[in-house]
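Here is a short report for a first look at this structure. Please keep the model in view while reading.

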Amino acid sequence: MTVLVLVVATLVIAGVGFFLGRSRALSGVSGNVRDLHSLPGYYGWHVALMAALPAFGVLLVWLIVQPIVIERNIGSLLPAETVADATAFKLAVADIRRVAGGLDAAVLAGALTEASAAELTSGGTDVRAVLAGVGVALGSDVTNDTLLSAQMYRSMTATGALARMIAVLAVALAGLGYALSVTRAEFRARNRVEIVMMGVLITASSIAILTTVGIIWSMLSESLNFFRQYPATEFFFGLTWSPNFRGGSDLGFIPLLWGTLYISLIAMIVAVPLGLFTAIYLAEYAGPKVRAWVKPLIEVIAGIPTVVFGLFALVTVGPFLRDYFAQPFGFGNSGASVMTAGLVIGILNIPFISSLADDIINSVPQSLRDGSYGLGATKSETVKQVILPAALPGIVGAVLLAASRAIGETMIVTMGAGASAKLSLNPFDAMTTMTVKIVGQLTGDTDFNSPETLVAFALGITLFVITLGLNVFALYIVRKYREEYE
Amino acid sequence: MEGPIQMKDIHIEERVVSDHKAKITARGVQVYYGTNHALKDVDVDILAGTVTAFIGPSGCGKSTFLRCLNRMNDTVSSARVVGEILLDGEDIYDKRVDPVQLRAKVGMVFQKPNPFPKSIYDNVAYGPKIHGLTRNKAELDEVVESCLRKAALWNEVKDRLQAPGTGLSGGQQQRLCIARAIATSPEVLLMDEPCSALDPIATAQVEELIDELRSQFSVVIVTHSMQQAARVSQKTAFFHLGNLVEYGETGQIFTNPKDPRTESYITGRIG
Ligand SMILES: Nc1ncnc2c1ncn2[C@@H]1O[C@H](COP(=O)(O)OP(=O)(O)O)[C@@H](O)[C@H]1O
Ligand SMILES: [Mg+2]
């Protein structure tokens, strides 16, 4: 029984349980709904939830645990030195999975019978040829160990699936029976359903948190791996970035940090005033007709893919800045530059800031505007002295969010600022950022265990800490300046 | 809260206001919100040095008329004002009049206290700063102090002038808003139900304050409480369904109303 069928079967049991629970509750009071503690539907829901949720829980745990158990067990058939070496073991397990999957496909395609697949030996049949015949290409001939392990893997998986089905259905039926047995007129089904709903909501929110924890954990473990191979001080304080895949690289991250901050700074210098002024115009000055046109037009920018912005930077902004600013004023002759990427990222962020700030400004109560106009203030005085201070916490939040976006931007930097790490003050020099290098170090055919590759994780976690710090700072500012106004 | 008033319950002090000059003269004022004719043909003289109360059932146009007096209706896009309103003989709807300047002369206090998200000091200093009424910090300090004293708030806040104005209690916030309004030294002070969000003690403080303000400003107060109108005002105008029904000495309106609608309202039969 596949997982999908199992899920459907459980749902069917739950659905039946709903009607059973409802009718049992109703028959207990001979149809008189007012004698029930809760509405009849709640008794139905209670039975359905008790049947479905524990069963799904068991299924989920089973799906996670079974592969781990099987992997442990097939190790017993492999040579001891393979099991001892983590990398070799991983490769061997991957091979076994492939062969097992190939056998499955062969059985499905009719090239092998179930029995012959289980009894195949590498001496008797050319397994590689058989599998190639059903579309599974293997890199090398199948050794006897691998074949035996794959067969064992298949049989264990089959046994596991059977046991899984029995367990899940049993739990579903047990839940159904239990819930039906407690269904009586005075049973507080409504309260019980409420508790279960709360549990569901808590689970939903913890998934997001757990994902974050998982991300941090995987980044951290790989980063630690990196710092074991490359000294942390040289990474954090090194002034040169020149990775060399033949070894002996300099992986100082200061030039990348500098490029990141410089580009983001220029982007924010462009985006904050323009975005904020746009928001103020839209919220305070524009009439409803203008607003209905201008707001969507500005937000169109937000819908343009960043790679298109990257092209714009590459073919328009870069050459323009080079020909009219950098070369005439002697700042160099590079088309890719910090200025190019910064300007374009800034433009990208204008609608982001303007639409957030517009919402925030609109949420400033009208009574504050009236108060200011009533004292004889003009519109701009009111905006400057009353509305912006009242909206400040929200605006700071919006700006810092935009800053995180600018720091994390990759595509535009690759196309607009180039990929050469450099420590320079000249905004018309080509530089690069942490995100670009993260991508750069991970793409290409490289050993996944060298410092040159693992440095991507160290960069990633550093970037994460920087944006996290930015957000914490934003929260601090927001708290500090928050005014209770109504 | 307040039951229907019997006319004999209301004690009216001796009020001599007939020798005051008209500060604001309104003639034939009509206000439309889109197609809604909210105010119909209102003629009123607001006297200098007098507290004038506007009473009437809600929705009858009291706030609308009050907002005509300092052109706050300009900020409502659907509103259209017809007629003539003179302040010291000058038409405030004349093209040459800057509504912003006008509002500095005709200040306003709103129904809900609306202190700015600034310190207590900066709330009061707001008007003087934007209008350049003071030459230096010392003068500004003086203005802030005297306005807070006039608003009977100084003793409560003198040690925390830098604390946010939004942190005060409701009654204190409303007195702060009054201090803020008088800091621009207006000639007329408009108050739209200034006590409706306040508890009885704070209301009593504000009412006392209004009586003191009369010596320097003309005060126009909208109120839904007839007791309040009787307590603080010398002149009363009764609005009903967009019409000014009756306008006269407070004592006369409450003891001897000429119009049957006024009588019905103050005895609690309409409202
Ligand atoms: N901003 C506005 N837009 C449209 N109609 C309004 C507005 N303000 C008030 N009105 C209408 O004008 C009439 C008078 O309102 P208002 O002056 O607020 O009454 P009051 O203050 O006496 O309770 C009401 O019918 C109200 O619906
Ligand atoms: Mg009103």
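## A buried asparagine between chains

B:Asn114 is buried, at 2% relative accessible area. Here buried means under 20% relative accessible area, exposed means over 50%, and partly exposed lies in between, with a 1.4 Å probe and protein chains only. B:Asn114 sits in the loop between strand 6 (106–109) and helix 3 (120–131) of chain B. Helices (H or I, at least four residues) and strands (E, at least two) are DSSP runs, numbered from the N terminus.

One of its polar atoms lies 2.7 Å from the backbone oxygen of A:Ser367. A polar contact is a pair of N or O atoms within 3.5 Å; within protein, one must be able to donate a hydrogen and the other to accept it, and residues adjacent in sequence count only if both atoms are side-chain atoms.

## How to read the model

This is a predicted model, where local features need pLDDT of at least 70, side-chain atom pairs count only at pLDDT 80 or more, and totals for chains, interfaces and linings use all residues. Residues are numbered from 1 along each chain as its sequence is written, chains are lettered from A and ligands numbered from 1 in the order in which they are written, and side-chain values use heavy atoms, with hydrogens and water left out.

## The site of ligand 1

Which residues are around ligand 1? They are B:Tyr33, B:Asn36, B:Ala38, B:Ser58, B:Gly59, B:Cys60, B:Gly61, B:Lys62, B:Ser63, B:Thr64 and B:Val76. A residue counts as near if one of its heavy atoms lies within 4 Å of the molecule. By class, this shell has four nonpolar, six polar and one charged residues. Ala, Val, Leu, Ile, Met, Phe, Trp, Tyr, Cys and Pro count as nonpolar, Asp, Glu, Lys and Arg as charged, and the others, Gly among them, as polar.

Oxygen atoms of ligand 1 meet polar atoms of chain B. At B:Gly59, a backbone N or O atom lies 2.6 Å from a ligand oxygen. At B:Gly61, a polar backbone atom is 3.1 Å from an oxygen of ligand 1. At B:Thr64, an N or O atom of the side chain is 2.4 Å from a ligand oxygen. Ligand 1 has 550 Å² of accessible area on its own, and the protein covers 62% of that. Accessible areas come from the Shrake-Rupley method with a 1.4 Å probe; for residues, only the protein chains shown count as cover. Strand 2 (36–47) and helix 1 (62–69) of chain B are the elements that give two or more residues to the shell. Helix 1 of chain B gives the most, with three residues.

## Cysteines without partners

A disulfide is a covalent bond between the sulfur atoms of two cysteines. The cut-off used here is a pair of cysteine sulfur atoms within 2.5 Å. The search of the whole structure finds zero disulfides over all chains. B:Cys68 is in none, and the nearest cysteine sulfur, in B:Cys60, is 13 Å away. B:Cys68 is buried, at 0% relative accessibility.

B:Cys147 is buried, with a relative accessible area of 3%.

Chain A is assigned domain 1 (3–187) and domain 2 (241–481). These bounds come from an automatic or database domain assignment. The two domain centres, taken over C-alpha atoms, are 48 Å apart.

Helix 8 of chain A (residues 189–229) holds A:Asn225. A:Asn225 is partly exposed, at 21% relative accessibility. Its C-alpha atom is 9.3 Å from that of A:Phe457, 232 residues away along the chain. A:Trp217 is also in helix 8 of chain A. Is A:Trp217 buried or exposed? A:Trp217 is exposed, at 63% relative accessible area.

## Two positive phi angles

A:Ser30 has phi near 45 degrees, a positive value in a residue other than glycine. A:Ser30 lies in the loop between helix 1 (3–28) and helix 2 (40–74) of chain A. A:Ser30 is exposed, at 67% relative accessibility.

B:Glu193 also has a positive phi, near 45 degrees. Its loop runs between strand 7 (188–192) and helix 7 (200–213) of chain B. B:Glu193 is buried, at 14% relative accessibility.
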